[in-house]
Amino acid sequence: MAPSIRMPVGYYCMAPLGKGHLVKDDVLSNPNVAGMVLRQRWSEFNPSLDKFDFSYLESQFTRCKKFKKKIILSIYTGTCSPLWLQKSPHKVPFYDGAPYPW
C-alpha cells in the first residue's frame, strides 16, 4: 500500500527567503504555531556544479525539531536557479532570467 500524503494542519509561519533571515524563537515556541514554511533559493545551496551548502537548511530543521514544529520545505527555482546551468556541459538556455522550461 502506498503511503498517504498528509495535508498540513494548523498555522505555519513563513520564513523570509534567504540565509540570515530567521523566524524568531518566540514565534516558533508559540503553541498556536504548527510549523514553519522554510524557503530557500536553489542558487544559495547549490552555488556551483557539485558544490552544496545545506548548513542553513540543516540549522532550521534543528531549530524546528527543538520546538517540536513541522516543516514545509520550499525550494525556489526559475529565476532563483544557479547560473552555472548556463555553462558547459549543461548549456541550459535562459529566458528572462530563468532557465527553460520555466
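Predicted model: local features only at pLDDT ≥ 70, side-chain atom pairs only at ≥ 80, totals over all residues.
1. Cys64 sits in helix H3; helices here are DSSP runs (H or I) of at least four residues and strands are runs (E) of at least two, numbered from the N terminus. The residue is buried, at a relative accessible area of 1%. Buried means under 20% relative accessible area, exposed means over 50%, and partly exposed lies in between (1.4 Å probe, protein chains only). Leaving aside neighbours within four places in sequence, Cys64 is in contact (heavy atoms within 4.5 Å) with Leu28, Met36, Lys69 and Ile71.

2. Residues are numbered from 1 along each chain as its sequence is written, and side-chain values use heavy atoms, with hydrogens and water left out.

3. Arg63 is also found in helix H3. It is buried, with a relative accessible area of 14%. Not counting residues up to four places away in sequence, Arg63 touches Leu22, Val23, Lys24, Asp25 and Leu28. With Asp25, Arg63 forms a salt bridge, the closest N and O atoms being 2.6 Å apart; the term requires a side-chain nitrogen of Lys or Arg within 4 Å of a carboxyl oxygen of Asp or Glu. Because Arg63 lies in helix H3 (residues 55–66) and Asp25 in helix H1 (residues 25–28), the pair ties together parts that are 38 residues apart in sequence. Asp25 is partly exposed, at 40% relative accessibility.

4. A search of the whole structure finds two salt bridges. Besides the Arg63 pair, there is one between Glu44 and Arg41, where the closest N and O atoms are 3.0 Å apart. Glu44 is partly exposed at 22% relative accessible area, and Arg41 is partly exposed at 26%. As background, side chains of opposite charge can pair when their charged atoms come close.

5. The largest nonpolar core has 15 residues. Such a core is a set of buried Ala, Val, Leu, Ile, Met, Phe, Trp, Tyr and Cys residues joined through side-chain atoms within 4.5 Å. Strand S2 (33–41), helix H2 (42–45) and H3 each supply at least two residues of this core. The residues with the most contacts inside the core are Cys13, Ala15, Val23, Leu28, Met36, Leu38 and Leu57. Cys13, leaving aside its neighbours within four places in sequence, is in contact with Val23, Val27, Leu28, Val33, Gly35, Met36 and Val37. In soluble globular proteins, nonpolar side chains tend to be buried together.

6. Four aromatic pairs turn up in a search of the whole structure. Rings of Phe, Tyr and Trp (its six-membered ring) pair if their centres lie within 6.5 Å; planes under 30 degrees apart count as stacked, over 60 as edge-to-face and the rest as tilted. The Phe52 and Phe54 rings have centres 5.7 Å apart and planes at 10°, so this pair is stacked. Both of these residues are partly exposed: Phe52 has a relative accessible area of 48% and Phe54 one of 36%. Ring pairs link Phe45, Phe52 and Phe54 into a cluster.

7. Tyr95 and Tyr100 form another stacked aromatic pair, at 6.3 Å centre to centre and 10° between the planes. Tyr95 is exposed, with a relative accessible area of 55%, whereas Tyr100 counts as partly exposed at 46%.

8. Overall layout: the protein chain has three helices and five strands, running β-α-β-α-α-β-β-β from the N terminus. Among contacts between residues at least 6 apart in sequence, 54% join residues at least 24 apart.

9. On dimensions, the radius of gyration of the protein chain is 16 Å, whereas a compact globule of 102 residues would have one near 13 Å; the value is taken over C-alpha atoms, and the globule rule is 2.2 Å times the number of residues to the power 0.38. Along the principal axes, the C-alpha atoms fill a box of roughly 50 × 40 × 25 Å. Of the 102 residues, 29% count as buried. The accessible surface comes to about 7,300 Å², of which 59% belongs to carbon and sulfur atoms; accessible areas come from the Shrake-Rupley method with a 1.4 Å probe, and for residues only the protein chains shown count as cover.
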